[in-house]
Structure formats: C-alpha cells, structure tokens
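I open the entry here.

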Amino acid sequence: MNKRGDHMTGLITMDDLTNEAILEILDDAERLLPVARGDTYLPLLQGKILGNLFFEPSTRTRMSFETAMKRLGGDVVNLGDVKTSSVVKGETLYDTIQMVDGYTDIIAMRHPRQGAAQYAQDSARVPVLNGGDGAGHHPTQTMLDLFTIRQAHGALEGLKVVLAGDLRYGRTVHSLSHALTRFGCELVLASPSLLRMPREIVDDLTAHGATVTETEDLLGSINEADVVYMTRIQKERFADEDEYTKVAGAYKLHANNLEGAKASMIIMHPLPRVDEIHPSVDGTRHARYFEQAFNGVVARMALLCRLLGVSVPADVPQGGEA
Amino acid sequence: MSQEHNMRRVTAIRNGTVIDHIPSGQGMKVLEMLGVQSSTTVPVSMVMNVPSKKMGTKDIIKVEDRELNQDELNRLALVAPEAHVAIIRAYSVAEKLTINLGDEVVNVARCTFSNCITTNPREPLPHRLKVRGTEPLDLRCHYCGRPQDLDDLVHNLL
C-alpha cells in the first residue's frame, strides 16, 4: 500500500501488471488521446505532483512524463542535473527517496544501477514508476510500445515480432519480450552474437511456452514479421570501445530492405536512433517510431492515473473544454 | 558402503556439530562459509566423496566444540541446501537442525551482479535473495532480478 492507500504500489517490471490490467490501461490511454494532443483539457490530476528523478540522461521518457502530468493538470518537480544535486555529495538513493517521497505524490525514476527502481519502491510510500534501471527493465516504454502495436494491428495476440539490435543491454526489449509473449506473440530475436538476449530471459520466455527464435539474420526475418522493433547499439554500455566499434552498424535498415515486407508490418524504435534506421525508411508506410514517441505521453498519462487511483472517464470529450 | 561406515571414517565427536549430505566437492566451501580457517583451533574433520544412497557421493564435516546457530545454518543453505545438521552433546545427537530456505534469504549474502543497486555498501535496505528453486538452487536478487552465481556468492557473505 502506498501512503494514499491505493491498491497498486508501483510499476517496476511488467510482472506488476496482469494482462487484464494492461488492456484496461491501453483502453484508458486510447480515450486520453485528445487530451494528449491538447485538443481537450481534462485536469484529472490537478493538485498532484510528480517527482521526476532522472539519474542518467533522458529526453523522451523525462519529457513525456512531464507532458503527461501537465496535460492532466498536475505539476512536476525535477531532480535536475545529478551533478548539482545531493547525489554528488554521496547521498544514498534511500535518503533521496525519503526526501522526494515527502514532496510528491508519485515518482518517475531512471537510474544507471539495475534494481534501483525496486529499491526506491521499497523505500517509498508513494508509487514509483520505473523509467529504466541500468540494463534491467523499462515497463512504461513497454506500455507505449504495446499501445503502438495495438493501434496498428487492432490486437496484440498472435503477432510475429522481430526484436533487433542490442538485445543484451537494451532494457526496452527485456520488458517488451516478456509482455509480448504473455499475449501469445511469436518472437524472433535478431542480434549480433555479442549482444544476444540474456540467457535467463530467453529461458524464462520459453519456460512459459513462448515460441522464440534466435538469429543473426535481421534482413531474412523481415518478410514474415508483423512488427520489426529496432534498437540502438548503446555505446555507453560497452566498457571497451573496440568491442563497440566491432558491432556498431551491424544492423542497418534501409527502405530497399522492405520491398518483400507485409503491407501491415510496422517498424518501431524506442529512439534515439544512430544509423540503424536509414532516413529513407521514414517516408514508408511501415515507419511508426515518431508516433510511438508521441504515444509515450498518452501511455504515461494512463499509468499516472492508474497509480494515483484516478479513473479515466468513459467519455472523454474529443475537443474543447471538458 | 553403509552410512555407519561413512561416519566412522572420522572419529565420533563428544560435543559439536556434524554436517552430513553436503554435495560432493562443496565441503571446502562450507568450511569457508563457516569461517573455518587455518587459524581455527577446534578440531575439524572432513571426508569427501563418500558413497551416499541419496546423493551418489557426498561430503561430511564434523566441527568439535562448536554448535551451529540458525544464522550459520542459513548461510550453509546457499551451498548445501539439502544438508543434514546434527548437534552432538556427550556423544549423542541432542538436536537435528533442518535447513529451510523459505521464499527468501535475507541479509545472508550480497547480490553477485556488479551493477546492482545493493553494491553500494551505504544503502541501508536489507539484502534480499528470492528462492526460485532448490534443485538446483536458483536464487534471484529481489532488486535487480539477476540470477546468482553460487560460486561468487560464497565470497559475498555478509
């Protein structure tokens, strides 16, 4: 229980949500689209304060949390630059959370250490939303990814999804793979051998009956796919720059590679991209990554409401004052 | 070879602890976990790779004039979850202790993953390892979720 007695204590991994809860949140997000676009003003979270604690760089996640809160009439306080906060003075995460817990109603956090979000949740009375913990989980990204996939295909069940690129360090694909297989999706994991999905994750997926294929051949996997989810090779995850150079650029997608793809196939990317998706793909019917980035606002709006125990009305006005 | 014969490989002890059913090869680790070193002054006996009906082969340790407490028993569970522990007083078994890992091992060892939040020694929350399975032993950090390398975990005891 958090300090307001709400049932849901936080979102640390996708295991915190049942399939039913995921679909309800996606439905809430769908109804909040006009609010996210700014067509409707709906101050459901007026008087509530979000604490944005980003201990490592973020553009989309941090900004979309802030936008989501403000679109719903709430307010945001930011940790700001870690270099100018108490963290450089050696403050523990526990102490930082104790302080922010007193200032806010809900916390969104990103941290370079794996397990930091769970640690924060165990230290706090307010709900914590995990915005990425090291190479661990990124469940709010997963919710916007699921929203984008359902928007394109009408449902999540039974799709064939290719996850490509850095599957070893990419926390977005760790969370997403679990969620997709829970909806019966078939997974193709396409990566250089150095960046394969961690063994324990693949074992967990297959132990739960998922169909998972591992390959190094991205281009050979495209024509059968309903979704191709590209990821960036994250330079900051490599201790050795030579190792990074060896694999960077191994997975590049060009419009020419999509000629045999299904018409309905969509290409996603959590962004930022480097050169794994060529700009020639942007104008094709398959590109969805910018819509996906926008969906971060609507998905996080729905999550904020859920965790703060605020119901999204069944009939959100499509424009004008609510 | 009988159980009785195995136990006679080393002399009976008057007072102390007998740890039986240690998986073969883990005896040395158990000694390490219990803090038994070259400077230890009490008599310690160990037999390795003796036949066992249940396990094929096993190791046995006898530590004289020392009784394991529950805390030490919990540590032992990390390398020998099926071990049988008997407290000996006046040459007789006075107590049989059972290892029961439960769902979680709390404040016994620190997560072995180098980037886990718990690697900061100043963070005050308890170290929590969830027990996912016992045969083989499968432990995951409550915080980072990483499976624990049992060889490394011995060095991370608190």
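I looked up what the buried residues of helix 5 of chain A pack against, and found strand 1 (10-11), helix 4 (93-103), strand 5 (106-111) and strand 6 of chain A. I counted two residues as in contact if their C-beta atoms, placed from the backbone, lie within 7 Å. Helices (H or I, at least four residues) and strands (E, at least two) are DSSP runs, numbered from the N terminus.

This is a predicted model, in which local features need pLDDT of at least 70 and side-chain atom pairs count only at pLDDT 80 or more, while totals for chains, interfaces and linings use all residues. Residues are numbered from 1 along each chain as its sequence is written, and chains are lettered from A and ligands numbered from 1 in the order in which they are written.

I checked the cover of helix 5 (residues 116-123) of chain A: 7 of its 8 residues are buried. Buried means 20 or more other C-beta atoms within 10 Å of the residue's own, with C-beta atoms placed from the backbone. Among the buried residues of helix 5 of chain A are A:Y119, A:Q121 and A:S123.

I then took the domains of chain A, with bounds from an automatic or database assignment: domain 1 (10-138 + 296-313) and domain 2 (140-293). The contact takes 21 residues from domain 1 of chain A and 20 residues from domain 2 of chain A. On the domain 1 side, helix 1 (19-31), strand 6 (128-133) and helix 10 (289-307) of chain A each give two or more residues.

Last, I noted that 16 residues of chain B are in contact with 14 residues of chain A.

Notes. Buried ≥ 20, exposed ≤ 12 C-beta atoms within 10 Å, placed from the backbone.
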